[in-house]
Amino acid sequence: MLLEQISMFSRIAKEQSISKAAQAIHISQPALSQQIQRLEEELGVKLFERSNRGIILTRAGEVMQKYSEQFLETYSNLKEELASLESYNGTFRIAATPVACNYALPCSLFKVNHKYPSYSFSLNSVPSTEVIHRVGHGQADMGFIVGATDNPEFVCNLAFSDKICLVASEDYRCPDSITLSELKKFTLVMLNEQFSSYRLLHQYLKQAGHPLDTLRVMYHLDSTESVKSTVLAGHGAAFLPYITVKKEVYQKQIKIISVMDFDLNYDVYSIYNPHLVKNNPALEKIILYFISIVTKSIC
């Protein structure tokens with residue numbers, strides 16, 4: 001039994017005429033009669049009788065009419081609900097590590113919002129561990145973390161790669177290039193342990209034989225901006241992802257100090273949980289579009 005045949009039957013029952021029904025749905029009368037005959041053969045009952053008043057329903061036809069109306073209404077509701085998924089205009093929630101949230105993603109988000117204007121977007125700055133928690137529990141539709149995750153629940157893609165650099169104010173007295181061993185001569189300002197860049201640096205320097213506890217770390221601060229303010233005031237040097245200082249470097253407020261034999265990547269990955277978005281095609285489209293443009297559209 002085809003949906004089309006049920007719809008044709010319903011139209012004939014409404015018009016009480018095969019010719020009028022054929023005209024209304026723009027097919028020939030013989031073709032319509034043939035479809036109804038096939039429906040009757042499949043069901044094993046006669047649905048219509050001819051009379052002087054035209055077409056009338058048999059008792060089987062009356063039962064068929066009741067269920068055809070229910071079926072067609074259910075199908076209409078199904079199409080409506082599917083369409084609402086495609087045009088859903090809720091809030092797309094993004095959780096991102098602070099550097100990605102504050103320095104990289106706003107420009108990408110502008111492009112995504114332009115592509116999907118019916119959505120509103122929220123972008124929240126939280127540590128990578130909290131990003132993973134929120135995406136895993138459906139509290140965020142998409143996340144950005146430092147370093148890849150091997151959690152099998154997630155689809156994980158490299159979003160962008162940056163470098164961690166040693167930076168100081170433009171007038172800070174220091175050579176343009178130093179060795180790792182010479183780091184001990186300089187006062188350093190660090191982010192605190194909750195930041196991924198700190199943990200990456202801690203592990204890298206430890207493996208290189210220059211653990212952080214052997215360096216002159218003046219203090220640890222809780223935001224990239226506070227570290228930059230301290231550096232700009234000339235109170236020390238700091239290791240920061242390049243993306244966080246590139247504006248100040250361009251404006252010649254901050255300079256990069258080359259450190260020989262130092263090469264540390266700051267890799268940011270996008271994550272999402274395919275099981276939580278599989279029933280929402282609209283969300284999945286936004287996620288896949290975001291992934292496709294993020295590398296070339298970061299600020």
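This is a predicted model: local features need pLDDT of at least 70, side-chain atom pairs count only at pLDDT 80 or more; totals for chains, interfaces and linings use all residues.

Student: Which ring pairs with phenylalanine 262, and is the pair stacked or edge-to-face?

Tutor: A pair of aromatic rings is described by the distance of the centres and the angle of the planes. Here the centres are 5.0 Å apart and the planes stand at 75°. Plane angles over 60 degrees count as edge-to-face. The partner and the class are therefore tyrosine 204 and edge-to-face.

Student: How many residues apart are tyrosine 204 and phenylalanine 262?

Tutor: Tyrosine 204 belongs to helix H7 (residues 196-207), while phenylalanine 262 sits in the loop between strand E11 (254-259) and strand E12 (265-272). The pair thus links distant parts of the chain, with a separation of 58 residues.

Student: How many aromatic pairs does the structure hold?

Tutor: One of them joins tyrosine 119 and phenylalanine 121, a tilted pair with 6.1 Å centre to centre and 40° between the planes. Tyrosine 119 is buried at 6% relative accessibility, and phenylalanine 121 is buried at 18%. The aromatic pairs in the structure number six.

Student: Which residue forms one aromatic cluster with Tyr119 and Phe121?

Tutor: Tyr119 and Phe121 already form a pair with each other. The cluster that holds both of them also includes Phe92.

Student: Which residue of H11 has lysine 115 over its ring face?

Tutor: Lys115 is among the H5 residues that meet H11, along with Leu105, Leu109 and Val112. On the H11 side the contacts include Ile286, Tyr289 and Phe290. Lysine 115 lies 5.4 Å from the ring centre of tyrosine 289.

Student: Is serine 270 buried or exposed?

Tutor: Serine 270 is found in strand E12. Its contacts beyond four places in sequence include Met142, Phe144, Cys156 and Ile291. Buried means under 20% relative accessible area. Serine 270 has 1%, so serine 270 is buried.

Methods: Residues are numbered from 1 along each chain as its sequence is written. Side-chain values use heavy atoms; hydrogens and water are left out. Rings of Phe, Tyr and Trp (its six-membered ring) pair if their centres lie within 6.5 Å; planes under 30 degrees apart count as stacked, over 60 as edge-to-face and the rest as tilted. Buried means under 20% relative accessible area, exposed over 50%, partly exposed in between (1.4 Å probe, protein chains only). Helices (H or I, at least four residues) and strands (E, at least two) are DSSP runs, numbered from the N terminus. A charge sits over a ring if NZ of Lys or CZ of Arg is within 6 Å of the ring centre and within 35 degrees of the ring normal. Contact means heavy atoms within 4.5 Å.
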